[in-house]
Amino acid sequence: MPFLNQKHYAVPRSRVLENMTKRNGFRHVIFNALGDKYSGEWKNDKKAGKGVTITRNGELYEGDMENNYRHGFGVLAQNIPSTNAYRLFYRGYWKNGKMHGHGLRIYSDGSFYIGEFRNGKRQEHGQQRYPDGAFFDGEFKNDVKEGLGIFVRADGNRYEGEWHNDLKHGKGLFFHLGSGKLQDGVWSNDFCVCSQISELDYKQSCVAPTPCAIPPIRDRAKQLSLPEGLDPYEDMIINNVEPVIGKSMEMG
């Protein structure tokens with residue numbers, strides 16, 4: 001059986017020279033036509049490995065690179081105008097140039113987020129601190145609150161329950177810590193549509209507790225000396241609505 005002889009082709013000299021000019025390994029500083037500069041490692045003429053990038057927009061990135069993208073762990077900071085100082089923007093993991101994985105994101109208004117990112121957006125579990133002192137600990141989806149979470153307002157009152165599209169939506173508990181009340185109910189698009197109010201066990205330690213307790217309906221019925229089994233609302237209808245109907249019938 002005859003054997004096929006493999007042919008060996010010579011690499012053109014132009015290709016050899018081109019490969020010799022490709023950047024590989026560490027390069028001190030490389031500038032591009034836009035004014036950005038990069039100092040770090042290269043592989044086959046692309047940024048790959050550890051490096052530092054300073055962009056024309058005042059961004060400073062130090063961390064891992066792959067195929068010219070931020071990829072791996074890295075820190076991104078922004079220049080403070082008219083100074084040589086930088087303000088932290090993001091510290092964490094990247095994927096193909098976007099925040100991806102666990103990280104810390106600091107916003108210009110002083111708020112910050114610690115948690116998971118997916119494709120540059122807050123995703124899954126995270127903690128958000130707001131500039132007014134409010135705090136959220138819960139689930140995110142596509143950069144908004146979605147799922148279960150706890151939101152503590154700046155005044156100390158807090159909501160524990162379900163969220164949808166960044167709004168309170170579903171079952172939840174609202175702790176009115178200023179007055180010592182607990183609101184157990186259902187929310188829709190950030191509004192409570194049905195709830196039951198009760199008192200907290202530590203009501204007297206609140207800032208401004210209500211002076212009187214919430215009277216149960218059965219106790220209220222005893223105070224009104226209503227017949228056994230008669231609901232107070234039925235008594236209200238009997239004493240207020242029926243007389244009005246009777247008068248209207250007499251006038252007719």
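The structure is a predicted model, in which local features need pLDDT of at least 70 and side-chain atom pairs count only at pLDDT 80 or more, whereas totals for chains, interfaces and linings use all residues. Residues are numbered from 1 along each chain as its sequence is written, and side-chain values use heavy atoms, with hydrogens and water left out.

The average pLDDT of the protein (the predictor's confidence in each residue, from 0 to 100) is 82, and 72% of the residues score at least 70. Where pLDDT is low, the predicted coordinates should not be read in detail.

A search of the whole structure for disulfides (pairs of cysteine sulfur atoms within 2.5 Å) returned zero. The sulfur of cysteine 192 has that of cysteine 194 as its closest cysteine sulfur, but the distance of 7.1 Å is too far for a bond. Cysteine 194 is likewise in no disulfide.

The largest pocket has a volume of about 280 Å³, volume being the space filled by probe spheres set on the points, which are joined across faces, edges and corners. Its lining has 16 residues, of which Asp36, Lys47, Thr53, Met65 and Asn68 are the closest to the centre. Strands are DSSP runs (E, at least two residues) numbered from the N terminus. At least two lining residues come from each of S1 (25–31), S2 (37–43), S3 (46–54), S4 (59–66) and S5 (69–79). S2 supplies the largest share, three residues. By residue class, the lining has seven nonpolar, five polar and four charged members; Ala, Val, Leu, Ile, Met, Phe, Trp, Tyr, Cys and Pro count as nonpolar, Asp, Glu, Lys and Arg as charged, and the others, Gly among them, as polar.

Aspartate 64 lies in strand S4 and is buried, with a relative accessible area of 17%. Beyond its neighbours within four places in sequence, aspartate 64 contacts Gly49, Lys50, Tyr69, Arg70, His71, Gly72 and Phe73. Asparagine 67 is in the loop between S4 and S5, where it is partly exposed at 43%. The phi of asparagine 67 is positive, near 55 degrees. Serine 82, in the loop between S5 and strand S6 (86–95), has a positive phi near 65 degrees and is exposed at 81%. Most residues other than glycine have a negative phi.

Arginine 118 belongs to strand S8 (residues 112–118) and is partly exposed at 28%. Residues up to four places away in sequence aside, arginine 118 touches Met99, His100, Gly101, Gln123 and Glu124. Its C-alpha atom is separated by 9.1 Å from that of histidine 102, 16 residues apart along the chain.

Technical notes. 1 Å grid on protein atoms, 1.4 Å probe; cavity = no way out; pocket = protein on both sides within 12 Å on 5 of 7 lines; lining within 4 Å. Helix = DSSP H or I, 4+ residues; strand = E, 2+ residues; numbered from the N terminus. Buried < 20%, exposed > 50% of the residue type's maximum accessible area, 1.4 Å probe, protein only. Contact = heavy atoms within 4.5 Å.
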